[in-house]
Structure formats: C-alpha cells, structure tokens
Protein chains: 4
Amino acid sequence: MSTTRLEAFSDGVFAIAITLLVLEIHVPEGGGLWGKLGDLWPSYVGYGVSFLTIGIIWVNHHSTFARIDTVDRPLLFLNLLLLLWVAFLPFPTALVAEHIREGTDEDVAAAVYAGSLLLMGAAFFTTAVYAHRLHRLPREVLRTIAVRNAVGQGGYAVALAVAFVNAPVSLAICGLVAVYYVFPGRDLGSAGGGVTAS
Amino acid sequence: MSTTRLEAFSDGVFAIAITLLVLEIHVPEGGGLWGKLGDLWPSYVGYGVSFLTIGIIWVNHHSTFARIDTVDRPLLFLNLLLLLWVAFLPFPTALVAEHIREGTDEDVAAAVYAGSLLLMGAAFFTTAVYAHRLHRLPREVLRTIAVRNAVGQGGYAVALAVAFVNAPVSLAICGLVAVYYVFPGRDLGSAGGGVTAS
Amino acid sequence: MSTTRLEAFSDGVFAIAITLLVLEIHVPEGGGLWGKLGDLWPSYVGYGVSFLTIGIIWVNHHSTFARIDTVDRPLLFLNLLLLLWVAFLPFPTALVAEHIREGTDEDVAAAVYAGSLLLMGAAFFTTAVYAHRLHRLPREVLRTIAVRNAVGQGGYAVALAVAFVNAPVSLAICGLVAVYYVFPGRDLGSAGGGVTAS
Amino acid sequence: MSTTRLEAFSDGVFAIAITLLVLEIHVPEGGGLWGKLGDLWPSYVGYGVSFLTIGIIWVNHHSTFARIDTVDRPLLFLNLLLLLWVAFLPFPTALVAEHIREGTDEDVAAAVYAGSLLLMGAAFFTTAVYAHRLHRLPREVLRTIAVRNAVGQGGYAVALAVAFVNAPVSLAICGLVAVYYVFPGRDLGSAGGGVTAS
C-alpha cells in the first residue's frame with residue numbers, strides 16, 4: 001500500500017477526532033449564564049490542549065510519512081494502533097474537564113489524561129521508528145526524533161505524577177508539551193529535514 | 001508541507017464541523033409536535049447561519065490557499081488556530097439556539113455567538129494576511145481582503161452590541177454578514193482573482 | 001474553483017451525514033432486550049432509507065459533476081444549499097423513527113420527513129439543472145434528469161400526503177423512491193452517459 | 001465511476017465510523033473514579049475490537065479495489081450496502097458494552113454484536129466476489145479470499161453461539177477473528193498479491 005492511501009485515511013481520523021472534541025462541551029441551561037460559561041473553563045482548556053496535540057501529531061505524522069514511499073503490513077497496523085489512541089482522546093479530554101469542574105477525583109482524571117497522551121506518544125514513536133528503520137533513513141533524523149520525543153514523553157510523565165498533587169497544573173503541563181512540539185527542533189532542522197519537510 | 005495536504009485536512013474539519021451542527025437539534029418528544037417543531041426555530045436559524053458561515057469560510061479558505069504553493073510552520077499553526085475556532089462553532093450555535101428558545105440569558109448567549117464569529121473572522125484574517133505576505137502577493141488582493149473582512153467584522157461587532165438589546169436581531173445580523181460574504185467583492189474581481197479563482 | 005475541490009468537500013459531507021445517522025439509534029437498557037430491540041424497528045428502517053437516499057444522491061452528484069469541469073459562484077452556493085439539506089437529514093430521520101415508536105403525532109413526523117426529502121430533491125434538481133445549463137450539456141441529458149426527478153419528487157409528494165393517513169406506509173414510500181433511483185434510467189443510458197458515467 | 005472516487009468515499013465512512021466509536025464511552029461522574037473507570041472495561045474492549053475490525057476491513061477493502069479499475073452500478077450499491085453495515089457498527093458495539101456492564105441480557109447483546117459482524121463480513125465477501133468476477137481476476141485470488149473469509153465467518157458464527165453461554169467470551173472470540181485477519185494469508189501472498197498489494 002502506498003503512503004498516500006494511509007495518509008488520507010489517517011488525515012480523516014485526525015480531522016474527525018479533532019472536531020468531535022467540541023461535542024464534550026455541553027450547553028449550560030438556565031440563568032446566570034456568564035458564571036456557568038466561566039465554570040466550563042476546564043472544558044475550554046481541555047479542548048485547546050487536545051486540539052493542539054492532535055494537530056501536532058497530524059503535522060508530525062505527515063513529516064514522517066513524507067520521507068517514505070511505501071508501507072508494509074506491520075507499519076499499517078502500528079499506524080492503526082496510533083489512530084486508535086488518537087480517536088480515543090475525546091474520552092479522557094471529557095473526563096478531565098468534567099472532574100476538574102466537579103472537583104471530584106480530579107487527580108484520577110488528570111492522571112488518566114496524561115497517561116493517555118503518554119501512550120499516544122509511545123504509539124507515535126513506535127510507528128515513526130519502524131517507518132524510519134524500514135526505509136533505512138539517516139541516523140541523525142532518527143536520533144532527533146528520539147530526543148524530541150523523549151522531552152515530550154518526559155513532560156507527560158511529569159504531568160502524570162503532578163496529577164496527584166494538582167490536576168489543573170498537570171493539564172497545563174500537557175499544554176506546555178504541545179507548545180514545545182509547535183516549535184521546530186533545531187537538530188531536526190540541521191539534518192536537512194525538520195518536521196515541516198514535505 | 002504543500003498546500004494540498006493542508007487543504008485536504010482543513011476540508012475535513014470544515015466538512016465535519018458543518019455536519020455536526022445538526023446534532024445540536026434535539027428531537028422533541030410527545031404530542032403537539034407542530035408547535036414543538038415551531039419552537040425549535042432558533043435551532044434552524046442557528047443551523048442555517050453557522051452552516052452558511054462555515055461554507056463561506058471554506059470557499060474563502062480555498063481562494064486564499066489556491067494563490068500559494070507552500071506553507072511554512074507558522075502558517076501551519078495559524079491555520080490550525082483557525083480550524084480550532086471553526087470546530088468550536090457548534091458549541092456557541094447550540095448555546096444561542098437553546099437560550100433564545102428558553103428565554104433565559106439570551107443576551108449572553110447571542111453575545112458569545114457573535115463574539116465567536118468575530119474571533120473566527122480574526123483568525124481567518126490573520127491566516128490570510130500571513131499567507132499573502134509569505135508569498136508577496138499583489139497589494140490589491142490584500143487590500144480587498146482587508147476591506148471585505150473589515151465590513152464582515154464590523155457586522156459581527158454590531159451583532160455583539162445588539163445582542164444585549166435583542167438576541168434574535170443579533171443572530172439575524174450574523175446571518176446578514178454571511179449573505180454579504182456570499183456575493184463576490186467587486187474589487188477582488190477586478191484584481192483578476194476573486195474568491196472563485198482556483 | 002475546479003469540481004475536484006467541490007466534489008471532495010461534498011463527499012466529506014455525504015460521508016459524515018450518512019455515518020451520523022447511527023447516532024440517533026439509542027441503546028435500550030435493562031432486560032427484555034429482544035423486545036426492546038424489536039421496538040426500535042422504525043429506527044432501523046429510518047436508518048436504511050436515509051442511508052440509501054444519501055448514498056444515491058452521492059452517486060448522482062458525481063455523475064452530474066463528472067460531466068463538467070468548473071463551477072462558478074452561484075453553483076458553489078447552490079451546492080452548499082444542497083449539502084445543507086443533506087447534513088440536516090439525520091434530524092427528520094430521528095424525528096420520524098422516534099414518533100412512530102412512541103405513537104405520538106407520527107403523522108406530523110412522517111410529513112416532516114417526506115417534506116425534507118422533497119426539499120432535498122428540489123435542491124439537488126436545481127443544482128443539477130444549473131450545472132447542465134452552465135456547461136450547455138445535451139438537451140437529452142437534462143430531459144432525462146428532469147423525468148427521473150419528477151418521478152422521485154412525485155413519490156415524495158405522495159409520501160407527504162400519505163403521512164397523514166399512515167406514517168409507516170409514508171416511510172415505506174420514501175424507501176421505494178430510493179429503490180427506484182437505484183436502478184439506472186434507460187433514457188439516461190441511451191444518451192451515452194447514465195449515472196454511472198465518470 | 002472510477003474506483004478512486006468510490007475508495008475516497010468509503011475511506012471517509014470507515015474513518016468516521018471508526019472515530020464515532022468513542023462517543024459511546026460515557027464519562028462517569030462523581031467519586032470512586034478508579035472503580036468506575038474499571039467498570040467501563042466492556043466499553044474499552046468493544047472499542048478495541050470494533051476499531052480493529054473496521055481497520056482491517058479498510059485494509060482489505062483497499063486490497064480488493066486496488067486490483068480493479070472501474071466499478072459498475074451493482075458494485076456501487078453492493079459497496080454502499082457494505083458501508084451501511086460498517087456505519088451501523090457503533091450501535092451493536094455500544095449495545096454489547098452497555099449490557100455486559102449492566103449484567104442484563106448480555107447474551108442477547110453479544111449475539112446481536114456477533115451477528116452484526118457476521119452480516120458485515122457477508123456484505124464484504126459479496127462485494128469482493130462481485131468485484132473479482134467483474135474483472136475476471138485469477139481464480140487463486142478468489143479462492144484465498146473465500147478461505148480466509150470462511151475462517152473469519154466461522155469465528156463469528158461460533159461467537160454468536162457462545163454469546164448465549166458467556167457474553168465476554170463471545171466478545172473475545174470476535175477480537176480473535178480480528179487478530180486472525182491482521183496476519184496476512186500465506187496463499188494470498190503466494191498468489192503474488194496479498195492484502196498489502198496496492
């Protein structure tokens with residue numbers, strides 16, 4: 001199977017998962033609406049962090065598959081596993097928003113959220129490494145991806161630990177990891193590719 | 001990254017956001033159905049206005065990206081920010097419909113709706129200006145976009161203010177802005193492009 | 001704008017609307033599940049009829065746009081109006097299924113459903129006629145489309161009238177119209193095109 | 001109609017159906033969240049099995065349509081029938097998860113789930129056989145597809161029977177069928193194609 005096909009299908013899942021996130025924000029009824037809309041802030045933050053995170057994975061997904069031409073069967077299913085986590089993300093996003101708002105077991109919810117991002121990151125890393133090995137890409141590209149991924153995964157691990165101390169701070173750390181990924185890696189750039197390469 | 005990729009992903013988000021709008025219209029139960037269906041008019045109006053608005057942004061998005069070949073990393077994330085607002089739109093749409101129907105705090109809901117359109121318009125304008133500057137397109141194209149955008153944003157600002165006086169009228173003004181955008185700009189046409197250019 | 005772009009976006013809306021239909025079938029809780037699943041028959045029928053109807057419009061949409069190369073601004077917005085009805089369809093589908101199940105005002109619900117299909121058919125016909133006139137296609141093609149459309153619209157009009165006598169029969173007539181459209185038109189075939197032309 | 005068009009539309013439906021599965025997992029409220037999240041295990045299993053199953057059908061759908069160039073009208077509607085079952089899958093998935101969790105009539109729910117997969121498999125097989133006959137592909141390819149399909153359908157039939165004895169085991173068997181399909185068929189590979197051929 002060519003990567004075009006796989007990228008088109010993956011794009012579809014990314015686009016749908018990113019757009020379904022809004023369904024978890026429920027319209028408050030009755031009066032005192034400014035206050036009620038304000039109380040929804042964890043939903044807005046969760047929406048923003050998850051939206052940005054999926055958006056970044058979409059960007060990095062392309063930069064990974066733009067470097068290769070074909071996919072074999074294991075890569076196909078590694079990618080499907082990655083999409084399984086991406087499509088799952090609206091659930092932990094709703095979970096953490098709901099429980100920070102309620103103030104019940106927000107530590108558990110934030111831990112599940114950070115843990116989901118950690119697993120999604122691991123699925124992405126596995127897919128990217130397999131894709132690079134399959135096509136014997138330059139060692140520097142792989143190394144840079146590993147370094148940047150380690151920073152991100154480290155951030156999620158910290159967020160997972162912090163969840164049990166302060167859930168909103170844990171959520172904020174997940175947001176910071178997304179912001180980190182927004183900026184291109186220097187090493188990756190110097191390797192002549194970078195995540196914007198097509 | 002080529003614009004093709006970005007356009008395909010953006011198209012996906014536009015198509016999904018526009019189709020999710022219907023999920024906010026809830027089926028009324030029990031008897032007296034004509035009356036209950038009639039009471040849902042704010043949902044139909046909200047659906048129509050948001051559908052048309054996203055449809056127009058889709059058209060203008062293409063006309064903007066049809067003029068350029070490549071995107072850099074900032075443009076990628078400016079576009080992602082625009083999509084974040086587009087994908088968010090089903091929420092304020094449901095909010096304004098629900099509260100005009102309920103008759104509770106409809107001024108707040110209508111203000112949030114107009115404000116969301118204002119922010120989405122600002123995100124679109126920023127993306128379009130950046131895209132044009134990046135590729136040093138003719139000054140006239142930029143000016144025409146700025147003029148048309150100013151009219152639209154002015155309309156949304158008026159709708160935002162009117163929301164506190166009369167919510168349905170505020171919603172109607174947002175609809176009028178959409179109708180305004182449906183008609184092509186004269187200047188844009190004379191610049192040899194226009195929003196239908198591909 | 002080329003038709004490719006418009007077709008891709010329309011395909012997205014068709015695919016999403018057709019897939020969202022399932023969300024209206026709610027999982028029954030508790031015991032006596034065979035009976036409860038059986039009671040959901042109007043939902044299955046509504047799902048099937050709407051799925052098939054949107055599927056057919058997708059097929060005919062392609063056969064229409066496969067004959068032309070470019071779209072102008074009016075065609076763009078006529079197509080958007082068609083998509084507005086397509087994306088709206090999950091609502092009347094859920095409405096008719098819910099009310100036939102409840103046994104309350106099922107005549108109203110079935111009339112709204114048949115009326116929605118009638119309006120969607122009208123939007124499709126307007127779009128197709130405009131597209132054919134724009135590109136001055138052979139008169140026979142137009143005539144055949146008009147004849148087939150008249151049969152279908154006639155069927156929906158009958159379903160609308162029958163709704164006030166027997167709602168399930170009205171729904172069945174809508175299904176028969178879909179089955180009618182599944183079979184290719186003889187005249188259309190002899191005109192060298194047919195809806196399977198690409 | 002070329003297969004490109006049909007594949008793009010089918011991809012859209014596959015991607016949306018696979019992503020909608022998450023909407024059936026509802027966020028638990030209140031305290032004792034670890035326990036409540038644990039109670040949701042049938043939802044996670046159902047999500048995983050259905051995700052993998054749709055993913056595999058997507059892969060096999062491509063390998064089938066990659067071998068042919070054009071589709072005729074019957075194939076178009078056989079494919080639409082297949083998509084009807086794919087898009088329907090979120091319903092039985094939610095049904096089996098909900099009833100295993102509740103402990104009410106879980107045998108019925110599991111039987112409906114296995115039965116839906118059986119019908120989806122039959123729709124896929126019919127589509128694939130028709131596509132191969134239409135283009136007179138080598139007999140070996142057809143035979144291998146028939147053998148592999150028979151194994152899978154046999155698995156679903158066993159799952160359907162086991163549903164009345166033990167619902168979770170029935171669900172697990174459906175998962176095993178998916179895992180079976182993940183591994184490529186030897187015969188299919190030796191026929192010079194295999195499901196990864198493009």
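A salt bridge is a side-chain nitrogen of Lys or Arg within 4 Å of a carboxyl oxygen of Asp or Glu. In this predicted model, chain A and chain D share 2 salt bridges. One of them joins the side chains of A:Arg5 and D:Asp11, at 3.4 Å from N to O. This being a predicted model, local features need pLDDT of at least 70 and side-chain atom pairs count only at pLDDT 80 or more, while totals for chains, interfaces and linings use all residues. Residues are numbered from 1 along each chain as its sequence is written, chains are lettered from A in the order in which they are written, and side-chain values use heavy atoms, without hydrogens and water.

Now take the whole contact (heavy atoms within 4.5 Å). Chain A gives 33 residues and chain D gives 41. Together they bury about 3,100 Å², with 77% of it on carbon and sulfur atoms. Buried area is the accessible area (1.4 Å probe) that two parts lose on being put together, summed over both. A:Phe9, A:Arg73 and A:Phe91 supply 24% of the area that chain A buries against chain D, more than any other three residues.

What does the chain A side consist of, by class? It divides into 23 nonpolar, 4 polar and 6 charged residues. Here Ala, Val, Leu, Ile, Met, Phe, Trp, Tyr, Cys and Pro count as nonpolar, Asp, Glu, Lys and Arg as charged, and the others, Gly among them, as polar.
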